[in-house]
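Please examine the sequence and structure shown here before reading on.

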Amino acid sequence: MSSVNDHKNHDTSNMGFATQAIHAGATPDQYGALVPPVYMTSTFAFETVEQGAAMFEGELAGHFYSRVSNPTVDILERRFAALEGAAAAVGFASGMGGIASTLWTLLSAGDEIIADETLYGCTFAFMEHGLTKFGVKIKYVDLQNVDAFEAAISADTKIVYFETPANPNMRLVDIAAICEIAKAKGLTSVVDNTYSTPYLTRPIELGADLVVHSATKYLGGHGDLIAGLVAGSAELMLRIRVEGLKDMTGAVMSPLTAHQIMRGMKTLELRMDRHCATAMMIAEELEAHPAVQQVFYPGLKSSPDHRLALKQMYPKGISSLGSGRYFGGMIAFELKGGIEAGRTMMNALSLVKRAVSLGDPDSLIQHPASMTHASYTPEERASHGITDGLIRLSVGLETPADILADLMKGLEAIPIMQGKAA
Ligand code: 4LM
């Protein structure tokens with residue numbers, strides 16, 4: 001197998017986040033092309049039969065089939081690994097492709113995962129309805145409670161898995177505290193860093209073994225692709241590539257998608273600064289609005305996770321010019337009139353689009369209980385902390401005052417705001 005990810009061509013490792021997002025992993029081509037060529041090829045010719053055999057044996061590095069590795073995807077993988085502070089990374093066809101490839105590589109029948117109570121709906125469905133079909137056990141634990149996590153670990157536990165901030169209710173998990181226990185107990189820790197991005201949080205530096213992403217979101221950053229990325233040690237990533245990706249899911253990233261993600265990542269820091277600054281402003285405005293019951297945003301002083309966010313989400317020493325308000329671009333909130341008021345509000349919006357997904361330049365709003373988290377039963381949602389009245393907003397890159405004005409127009413449409421009964 002090719003040993004991609006293990007060579008350095010252009011050492012940017014001591015440089016800033018934005019520099020790495022633009023340059024890390026670059027391999028100059030024969031023409032000096034600034035943007036890496038898109039190698040749209042399924043296969044690669046061997047010079048000799050012996051050379052091909054050596055690549056299949058893993059004795060010789062190189063690309064031989066694009067389900068295993070591809071030069072364009074390889075540059076993205078090395079660039080992304082640098083951003084996450086990881087030794088290696090692998091690209092996938094989707095976030096779910098990366099999560100499935102990772103967990104199928106690491107688990108066998110009889111093993112147990114401890115997962116946080118709040119997970120993206122399809123990740124929950126994959127665990128609850130997919131992995132369990134193959135004899136894997138799932139234990140859901142509130143991972144904000146470190147003692148409960150330690151107490152839940154059994155002889156069968158192999159993995160601890162969580163999102164922070166969690167989709168959709170914005171709960172934060174203390175990565176360092178959970179991963180320290182995981183390490184001491186011999187578990188593999190897997191953190192879904194989609195909401196934070198490596199600009200705000202680098203789980204590997206905090207002790208995590210693996211970081212998974214829906215690259216569909218902030219990394220791609222333009223709402224025009226579906227992709228996943230996973231980062232970790234060279235040894236784990238090679239296993240995930242040759243077992244989970246090559247043989248189990250085949251969920252391979254297209255070289256064209258890798259090109260689009262690299263274009264998107266060049267502005268990740270700039271975009272995140274704007275997402276964060278606008279989201280902070282909107283969270284404060286929503287919290288002050290009479291129709292709003294509660295806002296869930298770690299940047300708010302009222303958030304129970306604010307202190308942890310200051311510790312875990314602040315890109316210390318990385319950004320030289322940022323806004324200083326770094327709590328991500330996602331907000332969840334509930335209205336006093338419940339989901340009925342929520343439907344009225346969302347249907348009255350015109351700039352902010354009613355759509356799932358997140359991290360796009362376009363502001364997006366959706367109702368988790370009937371959309372992204374509809375794969376939970378109502379009882380499961382209740383016990384996993386996903387309320388029916390919750391509304392999720394992905395704050396985009398439009399002019400901040402325009403996003404706010406549209407949201408205020410939506411809130412004004414609620415009967416309670418017009419003096420009528422809610
Ligand atoms: C959504 N999310 O929430 P792909 N991990 C997290 C996610 O939010 C998602 C995935 C993985 C949404 C999609 C409709 C935290 C997806 C899965 O969609 O397979 O790239 O990622 O709106």
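## Second largest pocket

The lining of the second largest pocket takes at least three residues from each of domain 1 (77–255) and domain 2 (268–421), the bounds coming from an automatic or database domain assignment. The model is predicted: local features need pLDDT of at least 70, side-chain atom pairs count only at pLDDT 80 or more, and totals for chains, interfaces and linings use all residues. Residues are numbered from 1 along each chain as its sequence is written, and side-chain values use heavy atoms, without hydrogens and water.

On a 1 Å grid over the protein atoms alone, a pocket is an open set of points with protein on both sides within 12 Å along at least five of seven lines, and lining residues have an atom within 4 Å of a point. This pocket has a volume of about 340 Å³, a volume being the space filled by probe spheres set on the points, which are joined across faces, edges and corners. Of its 21 lining residues, Tyr120, Asn167, Ser214, Lys217 and Leu358 are the closest to the centre. Helix H4 (residues 95–106) contributes the most, with 3 residues; helices are DSSP runs (H or I, at least four residues) numbered from the N terminus.

## Largest cavity

A cavity is a set of points where a 1.4 Å probe fits but cannot get out. The whole structure holds 1 cavity of 30 Å³ or more. Val68, Ser69, Val73, Glu77 and Val252 are the closest to its centre among 13 lining residues. The volume of the largest cavity is about 60 Å³. H3 gives the most to this lining, with 3 residues.

How values were computed: Helices (H or I, at least four residues) and strands (E, at least two) are DSSP runs, numbered from the N terminus.
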